[in-house]
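Work through the following exercises with the model in view, and try each task before reading its solution.

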Amino acid sequence: MTGSFLSSGTVTILQPSRLFTRDLNGTVRPPLFCYNLGLPLRLYNTLSGKVEEFAPATDNTVRMYACGPTVYDYAHIGNFRTFVAIDILRRFLRQSGFKLKHVMNITDVDDRIIKNAAAQHKSVQEYTHQYEEAFLEDMRWLNLERPELVVRATEHIREMAEYIQALAKKGIAYSASDGSYYFRVAKFPEYGKLSKKDLSGIEAGARVDVEEYGKENPRDFALWKSPKEGEDLWDSPIGKGHPGWHIECSVMAMKYLGESFDLHGGGEDLAFPHHENEIAQAESLTGKIFARHWMHVRFLLVESDKMSKSAGNFHTLRDLVLQGHKPSSIRFLLASVPYRKQLNFTLAGLEQGAKSVERLRTFDSRIRMSQLPAGTNPVAQEAAAKAKQEMRAGMDDDLNTAYAAGAIFDMVREANILADRGELREGDKAPLLEALQQFDEIFAVLKDDDAEKMKAAMEWGRSRGILKDSEIPADAMSDAEINRLIEERNAAKKARDFGRSDAIRKQLSDAGIIVEDTKDGSRWKRK
Ligand SMILES: [Zn+2]
């Protein structure tokens with residue numbers, strides 16, 4: 001079956017008791033629209049305005065492009081909501097058996113960058129380098145997978161200039177007297193098809209940006225900008241200056257993915273004008289559909305307000321980590337609200353996220369370390385199977401991460417009850433851990449490496465003079481170091497060297513590590 005489930009007779013009928021389940025906060029969740037396994041991924045496509053089945057067009061590889069950061073400052077959590085959503089998409093596509101060719105650009109040239117660099121008497125490259133490095137490190141802190149290709153705008157200036165030349169040859173681009181180039185929007189009648197904006201009000205004679213005085217029509221947009229006094233510039237086949245932001249993405253996307261590709265993503269604020277302009281630049285020249293599917297991630301609110309520097313609720317990832325929030329809690333909070341829903345990012349939500357992650361990690365080590373009687377318990381087997389199926393169904397339904405997370409927590413609750421009653425069996429471990437792994441392939445929060453990342457953040461804070469030495473706690477212990485000490489302590493206990501085993505316990509406790517001795521062995525967690 002490949003069509004919509006409405007046209008088929010294979011809809012799974014569920015028992016009424018399973019139609020409604022509780023979410024993380026205990027509120028009852030309505031049923032998913034369709035539970036039928038084997039249905040393809042359905043994603044909302046901004047271009048069609050509908051939820052559609054999504055699959056790559058040519059072979060098993062999804063060719064996708066997502067707009068990357070403009071490296072003129074540290075990235076904020078609003079940016080990271082988008083990057084986490086794209087990461088979840090790519091992880092789920094891979095889990096679904098697809099291969100990926102995912103391109104992310106680094107915008108390392110634009111008006112702000114050029115202006116800031118000039119003000120600091122730095123070259124553009126010197127200026128952007130620190131922010132690019134910081135962004136790539138932020139990505140690692142949030143367990144964002146590195147796209148197959150990460151490409152810099154400044155390394156494609158010649159291709160962009162040549163592309164503008166080709167547009168000019170067809171009469172789609174024109175140059176102004178100062179050497180800037182503009183896109184003639186009137187040449188692309190489909191302009192506006194992505195954002196569905198009514199652009200009829202913007203006509204010739206309206207107010208024109210003073211820096212773009214050479215435009216024929218206010219709707220036209222810059223492809224190439226002529227240099228201003230004292231600013232960095234590039235020499236190119238169309239003269240000196242620098243490319244506009246929109247042309248950068250069209251040219252790099254097509255260079256690496258071809259004239260037509262499967263999916264283009266970004267934050268909802270990019271749909272207009274950035275993505276609209278990308279489509280116009282690409283399709284007016286090639287005559288082919290640029291990206292078949294457009295995915296836009298909704299803005300987030302911070303403490304119920306629009307995030308802004310003036311409102312005092314503006315957080316970079318680095319701010320939050322330096323305030324002591326774990327990267328895994330931040331990722332969990334950003335990941336657990338489906339990408340098209342409003343996410344209200346609050347400090348209380350972060351605390352809740354930290355507890356959720358802790359619960360999963362504790363469950364993981366509990367199951368791994370417990371010594372259980374042989375056999376299986378059908379209740380545990382059913383809980384694991386149901387979680388796997390519901391996670392899959394939730395993610396297939398336009399990446400409903402809240403549903404997927406709810407499913408794993410239902411399983412953890414049921415399995416914990418069975419474990420408390422001594423009713424889990426050795427043969428239940430594998431399916432429970434498999435379900436947990438299926439979840440973590442998407443959410444990526446189980447590995448406890450927060451301490452190392454927070455230490456790196458503090459070192460960065462110290463090197464920038466943001467943190468004083470006295471504000472930096474004693475060295476955090478790495479997981480490997482803790483495990484080594486636990487093993488040494490177990491060996492000491494076995495050898496009845498209680499002086500040594502107590503000393504190690506104290507050393508761990510001083511480092512904020514709680515050791516619990518259970519009949520199944522020693523477990524540890526961070527305070
Ligand atoms: Zn872009």
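For the classes used below, Ala, Val, Leu, Ile, Met, Phe, Trp, Tyr, Cys and Pro count as nonpolar, Asp, Glu, Lys and Arg as charged, and the others, Gly among them, as polar. The model is predicted, with local features needing pLDDT of at least 70 and side-chain atom pairs counting only at pLDDT 80 or more, while totals for chains, interfaces and linings use all residues. Residues are numbered from 1 along each chain as its sequence is written, and side-chain values use heavy atoms, with hydrogens and water left out.

**Exercise 1. Which residues line the second largest cavity, and which element gives the most to the lining?**

Step 1: the second largest cavity has a volume of about 70 Å³, and the residues that line it are R81, A85, I88, L334, A335, V337, P338, Y339, L399 and T401.

Step 2: α1 and α8 (327-336) are the elements that give two or more residues to this lining, and α1 gives the most, with 3 residues. By class, the lining of the second largest cavity divides into 8 nonpolar, 1 polar and 1 charged.

**Exercise 2. Describe the largest pocket.**

Step 1: the volume of the largest pocket is about 990 Å³, and of the 38 residues that line the pocket, Y72, H76, G78, N79 and D269 are the closest to its centre.

Step 2: two or more lining residues come from each of α1, α3, β12 (261-267) and α6, and the classes are represented by 18 nonpolar, 11 polar and 9 charged residues.

**Exercise 3. Which atoms coordinate the zinc ion, and how are the donors spaced along the chain?**

Step 1: donors are N, O and S atoms within 2.8 Å of the metal (3.2 Å for Na, K and Ca), and water is not among the atoms, so sites may look incomplete. The zinc ion is coordinated by C67 (SG), C249 (SG) and H274 (NE2), at 2.0 to 2.2 Å.

Step 2: along the chain, these donors follow the spacing C-x181-C-x24-H. Because C249 lies in helix α5 (residues 245-257) and H274 in helix α6 (residues 271-286), the pair ties together parts that are 25 residues apart in sequence.

Step 3: buried means under 20% relative accessible area, exposed over 50%, and partly exposed in between (1.4 Å probe, protein chains only). C249, at 0%, is buried, and H274 counts as buried at 1%.

**Exercise 4. Characterise the ring pairs of F83 with F135 and of F290 with W294.**

Step 1: rings of Phe, Tyr and Trp (its six-membered ring) pair if their centres lie within 6.5 Å; planes under 30 degrees apart count as stacked, over 60 as edge-to-face and the rest as tilted. The structure holds 14 aromatic pairs.

Step 2: the rings of F83 and F135 have centres 5.1 Å apart and planes at 70°, so the pair is edge-to-face. This pair links distant parts of the chain, with F83 in helix α1 and F135 in helix α3 (residues 124-141), 52 residues apart. F83 is buried at 12% relative accessible area, and F135 counts as buried at 3%.

Step 3: the rings of F290 and W294 have centres 6.2 Å apart and planes at 45°, so this pair is tilted. F290 counts as buried at 0% relative accessibility, and W294 is buried with a relative accessible area of 0%.

Terms used:
1 Å grid on protein atoms, 1.4 Å probe; cavity = no way out; pocket = protein on both sides within 12 Å on 5 of 7 lines; lining within 4 Å. Points joined across faces, edges and corners; volume = space filled by probe spheres on them. Helix = DSSP H or I, 4+ residues; strand = E, 2+ residues; numbered from the N terminus.
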